[in-house]
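Thanks for making time. I have one structure to show today, and I will keep it brief.

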Amino acid sequence: MAFAMKFNMIDVVVSDSLENVYVDGKRIGYQFDIRLNYYRGHFLSVIEEFEVTVDGEKVDQSSIRFRLNGKEFGICELESCYNEFWRITDPATIIVHESGGLPEGEHTVEVKLIFRSPYMAIGPNKYMPVDSSGSKTLKVKF
Amino acid sequence: MGEIKKACSLFSYGTPYIRGEMSLEACMRAAALIGCEGFEVVAAQMISSYPYVTDEVAGEFARYSEKYGIKPVCYAANMDRGLRRDRDLTEDEMLARAVNDIKSAHRLGCKVVRQQYLLSPKTMLHLRPYAEEYGIKVGIEIHNPETPSTPAIMAYREAFDKCGSEYLGFVVDFGCFSTKPNKPYWDRAFANGAQPELLEMLEQMRYDDVPQQEAMERLIKAGANDAVLGAVAGTYGFVQFRREWDVEGLKSIIPQCLEFHAKCHYVSEDLHEASIPYEEVLPVIADSDFNGYAVIEYEDEGGYDSVEMTRRCAAMIDKILATIKK
């Protein structure tokens, strides 16, 4: 990818946030929190690329859910979230559906998040890309 | 003669705010403590109910405002023309967003909306009746690399002159009067191993108005590393500098200025901004009929202490204004 701005405000992957998710007593996956590494909040529709890699393995896009403001979206739906504002101080929760969740111990969570800064025009329908990717090794809570 | 009063953009404390080290209340308190009479809020940063202002949020701002004796001055908007992936927002859609900004500013008790240049001169004219209805003045931000005299800004000046409403104007950011390289950008380039003689060469080429593409080619030829080349975009963009700052442009635009943005990236202990000639800029404004706010905006590019840098900027303005009064 060409040049992208990168800020150093906060850790994108929030410490201590990785945990397995249970439904009706079954472990159906895991979740963790992320924050936007920028100086202002954004509408979710500006997200251009969103990928999750756990322990070196890329997670299938269709098993990722993005939870914010008490609502939940598939990654393919983010593009049309023009009215869903991600506040700069709020974590979003990323849920990965994977039966059995994660085994006990530490796991490395990598998030690739590229968004366009929608007021920084660099041409017609072209905006400054910002890289808000991050990774962290976390112990999963059971 | 007019009067320059100090206000503070809470954006100055953006880094500690986002890191959870300062609350909204702490930001307003810090601004009041350094003698600022008013505050600006970057809406998409610190208004928790953005893009709207709920009763609860308006109440919160009003409480701190009362408690610390600091008035709402300016609502800083963002014109997110690129909200959609498939196309730019239309002028009508941008107008709709700008109307919302006016209403939000009004709820907070601000008198000015700082709007961004993606809102065209024509659409600004369509915004005028809303601005007048709500008693909110809307100013287009003039931010480096634009200056009061660049073609994009001249188009607004002509449109506003023709319309003659005092509700449309400008917010000039002092960054556009920079005469020296931006210290944090230069420090970063050095830290990344930039060759000093080639950074000097870049500085000289910027002063000589060598076009960006040609400067890039010359540097590559001279063997510039990535740290030097990385400084080129800023040098010709948001932190560009010129030998002569646009003093005539400033003088002629003052009657249309709603307020100024007292930008700083680094103020030294002995109270000088590293790139912006405050000692020359402030007297020009003090000598005019301008009666309003210089809104301090510390932009954290260098990782300095936000509270201290904002304090120094306020002290620098006080010091310069005190000299002028004598």
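Predicted model: local features only at pLDDT ≥ 70, side-chain atom pairs only at ≥ 80, totals over all residues.

Start with the two chains. On the chain A side, 21 residues are in contact with 22 residues of chain B. The element of chain A that gives the most to that side is strand β10, residues 106-123, with four residues.

In soluble globular proteins, nonpolar side chains tend to be buried together. The largest nonpolar core here has 115 residues, and the members that touch the most others are L10(B), A31(B), F39(B), Y75(B), V295(B) and C313(B). Helix α15(B) supplies the largest share of this core, six residues. There is also a second, separate core of 14 residues, with A189(B), L198(B), L219(B) and A224(B) among them.

Back to Y75(B) for a moment. What is Y75(B) in contact with, leaving aside its neighbours within four places in sequence? The contacts are V41(B), A43(B), D101(B), S104(B), A105(B), L108(B), C110(B) and V113(B).

Last, helix α14 of chain B, residues 278-286. Its buried residues are Y278(B), V281(B), L282(B) and I285(B). These four are on the same side of α14(B), because they cover an arc of only 90 degrees around the axis. What do the buried residues of α14(B) pack against? They pack against three elements of chain B: β1 (3-9), β7 (257-264) and α15 (306-325).

How values were computed
Residues numbered from 1 in each chain as written. Chains lettered and ligands numbered in written order. Buried ≥ 20, exposed ≤ 12 C-beta atoms within 10 Å, placed from the backbone. Helix = DSSP H or I, 4+ residues; strand = E, 2+ residues; numbered from the N terminus. Arc of directions from axis to C-beta. Contact = placed C-beta atoms within 7 Å. Core = buried A, V, L, I, M, F, W, Y, C linked by C-beta atoms within 7 Å.
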